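Thanks, everyone, for making the time.

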Amino acid sequence: MKVGIDLIHFATSDYFLGLDTFAKEKGTDVNKYLIGIGQEQMSIAPPDEDIVTLSAKAAAPILEQIDKQKITAVLFATESGVDQSKSAGAFLHGLLGLPKRCRVVEFKHACYAGTAALQMANTMVKANPKEKILVIAADIAKYDVDSSGEATQGCGAVAMLVKENPRILTIEPGSGYYTDDVMDFWRPNYRTTALVDGKYSTKVYLNSLKQAWEHFVEETDRHFDEIDAFCYHIPFSRMTEKAHKTLIKKVKADVSNEKFKEQTLAGQTYNRVVGNSYSASLFIGFCSFLDNAAQDLGNKRFGFFSYGSGCVAEFFSGIIQPGYQQHLMTASHQTQIQSRQALSYKEYLNFYHQADTDADNITFPRYNKGLFRLEAIRDHIRIYEKQAL
Ligand code: CAA
């Protein structure tokens with residue numbers, strides 16, 4: 001039985017901060033960002049944008065193409081939760097008018113949770129082929145001002161429809177996984193920004209890749225030269241290069257520069273300008289690969305490395321379905337990115353690091369230009385608005 005991603009679409013915010021603007025403000029050589037970490041821009045969410053509005057924007061175009069009353073579950077992965085009790089997916093369920101005969105749950109483990117949700121959906125459909133599951137991965141990456149991570153912020157949400165006989169990707173059985181209780185990146189409940197031991201986190205990421213890969217090979221007997229393309233979790237796009245080099249060294253493969261690019265480069269186009277979107281990042285990378293690859297990817301095997309600090313990692317694979325091109329939402333992805341508005345450093349600070357967004361009663365100015373926005377918080381209740389077209 002074939003199960004996997006039938007449709008995939010991502011959304012990001014309407015604003016960005018250029019790393020050229022950022023470099024000027026910090027008095028840093030811009031090439032540290034453009035070359036050193038491989039990032040050009042960061043999508044910045046205004047105060048009236050959160051993971052619920054981002055995920056609604058990601059999911060709405062998918063629901064337009066199907067009978068949304070057939071959705072049986074919403075599995076929502078995030079580490080930017082808006083409530084300690086109610087799942088973000090329940091707000092989303094209301095905004096999108098999903099059927100009451102539906103289960104909704106939130107998944108968390110840093111940037112890994114999107115993969116956990118996808119694999120859970122995969123298993124649920126295998127258990128009952130009637131299931132049609134909306135998997136969401138959505139995050140807003142925030143670090144302290146002047147911290148090492150500040151240049152790697154960003155935001156985005158990916159929506160994936162998981163069902164039998166998918167039109168984009170079938171997920172193959174078996175995967176390799178790895179967990180270790182480490183403190184490389186974390187966000188205590190009382191903080192809105194993450195804490196990170198930056199250099200250490202990259203080391204833990206690369207070690208987790210080696211461990212998850214070893215397990216993947218043991219479990220599946222699939223080998224490096226049987227995988228055509230690689231999507232890695234992308235905290236910043238240079239990490240993909242570090243990861244792929246690490247894997248090549250581990251398997252002692254001989255990969256030309258051209259092949260290296262063919263295996264990884266198309267997956268970085270969007271992430272370079274969206275920035276880190278934590279749980280969504282791997283899947284925005286996948287959208288990027290599908291939309292930007294020069295060659296037909298039909299029947300190609302993709303390897304996916306999912307990494308969540310703290311840490312949990314998984315390596316899995318899937319096969320791109322022939323004719324997948326007809327089901328991509330490339331134009332929407334590109335239009336969103338191109339139509340974002342540039343922010344000054346001061347405007348970014350006002351959007352991202354203002355203190356009062358957690359107030360009990362607040363009405364948000366209208367910045368979010370999308371169909372869905374966070375209008376207010378009244379008596380601790382989040383009020384979302386679906387704008388008229
Ligand atoms: N021109 C070209 N390259 C330059 C340069 C210049 N002018 N100046 C610096 N560079 C290069 C450096 O040589 C370095 O390259 P290498 O990595 O090859 O050594 C690179 O740019 C970065 O420079 P620094 O190491 O000096 O940068 P930094 O210490 O300020 O920040 C970082 C790097 C620690 C990764 C930081 O971006 C960070 O803390 N990021 C957040 C944490 C993170 O993303 N970790 C990734 C793994 S954890 C994960 O994946 C989960 C997640 O999503 C958070």
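**The ligand and its surroundings**

Of the 25 residues around the ligand, the ones that come nearest are Lys 32, Ser 148, Lys 199, Ser 201 and Lys 242, where a residue is near a molecule if one of its heavy atoms lies within 4 Å of it. Before I go on, please keep in mind that this is a predicted model, in which local features need pLDDT of at least 70 and side-chain atom pairs count only at pLDDT 80 or more, while totals for chains, interfaces and linings use all residues. Residues are numbered from 1 along each chain as its sequence is written, and side-chain values use heavy atoms, with hydrogens and water left out.

Which side chains make polar contacts, meaning pairs of N or O atoms within 3.5 Å, with the ligand? An N or O atom in the side chain of Lys 32 is 2.7 Å from an oxygen atom of the ligand, a polar side-chain atom of His 233 lies 2.8 Å from a ligand oxygen, and for the side chain of Arg 238 the distance from an N or O atom to a ligand oxygen is 3.1 Å. On its own the ligand has 1000 Å² of accessible area, of which the protein covers 74%, as computed by the Shrake-Rupley method with a 1.4 Å probe.

As for the composition of the shell, its residues divide into nine nonpolar, eleven polar and five charged, with Ala, Val, Leu, Ile, Met, Phe, Trp, Tyr, Cys and Pro counted as nonpolar, Asp, Glu, Lys and Arg as charged, and the others, Gly among them, as polar. Helix 2 (31–37), helix 6 (198–220) and helix 7 (238–251) each supply at least two shell residues, and helix 6 gives the most, with five; helices here are DSSP runs of H or I with at least four residues, and strands are runs of E with at least two, numbered from the N terminus.

**Domains and backbone**

The UniProt record, an unreviewed entry, places "domain: Hydroxymethylglutaryl-coenzyme A synthase N-terminal" at residues 18–163, a span that is 36% helix and 23% strand.

Two backbone details remain. The peptide bond from Gly 310 to Cys 311 is cis, with omega near -10°, and Cys 311 lies in the loop between strand 13 (301–308) and strand 14 (312–320). Asp 146, in the loop between strand 6 (133–141) and strand 7 (154–164), has a positive phi, near 70°. Most residues other than glycine have a negative phi, and most peptide bonds are trans.

Technical notes
Polar contact = N/O pair within 3.5 Å; in protein donor to acceptor, adjacent residues only side chain to side chain. UniProt positions renumbered as here; feature names shortened; annotations may be inferred.
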